[in-house]
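Open the model in your viewer and keep the selection panel at hand.

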Amino acid sequence: MVKGYLLGQITISDKSQYKIYDSKIGKVIEEFGGKYLVKGGLRMVKEGNPSFQRDVLVEFKDIKTAQRFFSSQQFKEISKFRKAGSSGFLILVEGQLNS
């Protein structure tokens, strides 16, 4: 089955605002059956010059579920804290992880 992913790269500028977002987002991700594959952690840049400092990768059962998550009222309500406390980008990607 082809999965849906939310990929984000951000730089935190206001820890207090971002902490509010971070304390709520996990529950919303779980409500849509998502799970973190990457949330911060060690970063070893091998090529290029990424402009953001933190990486996030969330897996959903499919791209439609990822889209429903992204469009949900729950996500929109808490995104104001992420936007107030960080800059960066979020994209939805369809794909399959090979093991």
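Select helix H1 and helix H3 and look at how they cross: the crossing is left-handed (the near helix is turned anticlockwise from the far one by less than a right angle). Helices are DSSP runs of H or I with at least four residues, strands are E runs of at least two, and both are numbered from the N terminus. This is a predicted model: local features need pLDDT of at least 70 and side-chain atom pairs pLDDT 80 or more, while totals for chains, interfaces and linings use all residues. Residues are numbered from 1 along each chain as its sequence is written, and side-chain values use heavy atoms, without hydrogens and water.

Now show the side chains in the contact (heavy atoms within 4.5 Å). On H1, select Gln17, Tyr18, Ile20, Tyr21, Lys24, Ile25, Val28 and Glu31; on H3, select Gln74, Phe75, Ile78, Ser79, Phe81, Arg82, Ala84 and Gly85. Coloured by class, this contact has 9 nonpolar, 4 polar and 3 charged residues.

Next, find the cavity, a set of points on a 1 Å grid over the protein atoms alone where a 1.4 Å probe fits but cannot get out. The structure holds 1 cavity of 30 Å³ or more. The largest cavity has a volume of about 140 Å³, the space filled by probe spheres set on the points.

Which residues lie nearest the centre of the largest cavity? Select Tyr18, Tyr21, Tyr36, Val56 and Leu90, which are among its 17 lining residues (those with an atom within 4 Å of a point). H1 gives the largest share of this lining, 5 residues.

Methods
Ala, Val, Leu, Ile, Met, Phe, Trp, Tyr, Cys and Pro count as nonpolar, Asp, Glu, Lys and Arg as charged, and the others, Gly among them, as polar. On a 1 Å grid over the protein atoms alone, a cavity is a set of points where a 1.4 Å probe fits but cannot get out, and a pocket is an open set with protein on both sides within 12 Å along at least five of seven lines; lining residues have an atom within 4 Å of a point.
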